[in-house]
Amino acid sequence: MDYKNIYANSGLKDISYDAYLKDYTSFGIGGKADVLIKPTTEEELIEVLKINSENNIPTTIIGRGSNLLISDKGIRGAVVVLADNYSDIKIEGKSLRALSGTALKDAALASIKESLTGMEEISGIPGSIGGGVAMNAGAYGGEIKDILVSVRAIDIEGNVHEFNNEDMHFSYRHSRIFEEDLIVSSATFELREGDPEEIKAKYEDFTHRRESKQPLDKKSAGSTFKRPEGSYASKLIDECGLRGYRVGDCQVSEKHCGFLINAGNATCREMLDFINEVKAIVKEKTGFTLEREVKLIGDL
Ligand SMILES: Cc1cc2nc3c(=O)[nH]c(=O)nc-3n(C[C@H](O)[C@H](O)[C@H](O)COP(=O)(O)OP(=O)(O)OC[C@H]3O[C@@H](n4cnc5c(N)ncnc54)[C@H](O)[C@@H]3O)c2cc1C
């Protein structure tokens, strides 16, 4: 397809061809995107979606790439990045509205500055508002669904929809976004007034817990597996004697067994084989079936 010609007359400013997606993921894995587009406004986002749907170009959305395993063959069609290029925070009273590319941490820090409480638990998740909403991200007993009021979402044809919390079909690491291939444009959260010292102490406690327990200096996509009912993936993997287990550049983190890490230049194929091997060992030794939380996308 002649992508350059298709986008030539659009007002889109940031388009690249054949960009490596490993540079857009925390795992450091992923081949090239045919086209990579970074819209900066909702108008631009809608324009991209309209052009893509009129020309039958498949669209893939990525946020801050912290929950993705992308194929070595990359992604065909257009990859739309909603990260720093699509970032903005507005606070009015106890309400915080953010564009979907905003880092969860930036939104949390902005709320803490205004002595608002509610985002401390999710402040260390390295994803975006959009990825967080789509995944119903959560940590330390708090989830996006606990504070979310409404979502402004765009469908694949470029039509705008507004959803309230109940419309979002939130469950564990799931939302309506995946059911209908929607794109989060912005989200609004209702926070509570709190004591500045208590908020700061809570934020620091969660930050410390994360830094002391998670391999934040390594390439990973966080917890590779969902929490199985009745146990924890990290506990099961540890019980199987897999702490630090390594095949090539794929490794079970020494620090947190729930994190599989790319210790060098692992490929998607190698990481998938490794994930399956860990799953098979855990199944055989403990009877628990682990399910992948990390999203596998691209041309497999
Ligand atoms: C060190 C580390 C720690 C982590 N800790 C946690 C944790 O405590 N709790 C937790 O829940 N997760 C955790 N994660 C996983 C990850 O950060 C979350 O799932 C996060 O919500 C993903 O956001 P993202 O912007 O990176 O999304 P991406 O990884 O870019 O995408 C994830 C999925 O969301 C979709 N998506 C992204 N943006 C949008 C959008 N604007 N509209 C529609 N769909 C979109 C993508 O298409 C994809 O299917 C961790 C990851 C790492 C690397």
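The model on screen is predicted, so local features are taken only at pLDDT of at least 70 and side-chain atom pairs only at pLDDT 80 or more, while totals for chains, interfaces and linings use all residues. Residues are numbered from 1 along each chain as its sequence is written, and side-chain values use heavy atoms, with hydrogens and water left out.

Helices (H or I, at least four residues) and strands (E, at least two) are DSSP runs numbered from the N terminus. An α-helix has 3.6 residues a turn, so residues three or four places apart point the same way. What distance separates the end C-alpha atoms of α8? They are 26 Å apart, which agrees with the 27 Å that the 19 residues of the helix (268–286) should span at 1.5 Å a residue, the expected span being 1.5 Å times one less than the number of residues. Just after α8, select glycine 287, which takes a positive phi of about 85°.

**Domain 1 against domain 2**

Next, colour the protein chain by its division into domain 1 (3–82), domain 2 (87–198) and domain 3 (215–297), with bounds that come from an automatic or database domain assignment. The C-alpha centres of domain 1 and domain 2 lie 23 Å apart, and 13 residues of domain 1 are in contact with 18 residues of domain 2. About 1200 Å² is buried between these two domains, and carbon and sulfur atoms give 61% of that area; buried area is the accessible area (1.4 Å probe) that two parts lose on being put together, summed over both. On the side of domain 1, select Glu42, Leu49 and Arg64, which lose the most area to domain 2 and together account for 41% of what that side buries.

Across this interface the rule finds one salt bridge, defined as a side-chain nitrogen of Lys or Arg within 4 Å of a carboxyl oxygen of Asp or Glu. For a salt bridge to display, take arginine 152 and glutamate 42, whose side chains meet at 2.7 Å, N to O. Between domain 1 and domain 2 the count is three residue pairs in polar contact, both residues being at pLDDT 80 or more; a polar contact is a pair of N or O atoms within 3.5 Å, where within protein one must be able to donate a hydrogen and the other to accept it, and residues adjacent in sequence count only if both atoms are side-chain atoms. Both α2 (42–54) and β3 (59–62) supply at least two residues of the side of domain 1 that touches domain 2, and α2 gives the most to that side, with six residues.

Move to asparagine 67 in the loop between β3 and β4, which is buried at a relative accessible area of 14%. The side chain of asparagine 67 reaches the backbone oxygen of glutamate 293 at 3.4 Å, and, leaving aside neighbours within four places in sequence, asparagine 67 is in contact with Met135, Ala221, Glu293, Val294 and Lys295.

From glutamate 293, go on to arginine 173, with which it forms a salt bridge, the closest N and O atoms being 3.9 Å apart. Arginine 173 lies in the loop between β12 and α5 and glutamate 293 in the loop between α8 and β19, so the pair ties together parts that are 120 residues apart in sequence. Both arginine 173 and glutamate 293 are buried. Salt bridges that share partners join Glu143, Lys145, Asp146, Arg173 and Glu293 into one network. Within that group, the side chains of arginine 173 and glutamate 143 meet at 3.6 Å, N to O, and those of aspartate 146 and lysine 145 at 3.5 Å, N to O.

**Two residues with positive phi**

Finally, compare aspartate 18 in strand β1 (residues 15–20) with asparagine 136 in the loop between α4 (129–135) and β9 (138–139). Phi is near 60° for aspartate 18 and near 45° for asparagine 136, each a positive value in a residue other than glycine. Is asparagine 136 buried or exposed? At 0% relative accessibility, asparagine 136 counts as buried, whereas aspartate 18, at 46%, counts as partly exposed, the class between under 20% and over 50%.

Methods
Contact = heavy atoms within 4.5 Å. Buried < 20%, exposed > 50% of the residue type's maximum accessible area, 1.4 Å probe, protein only.
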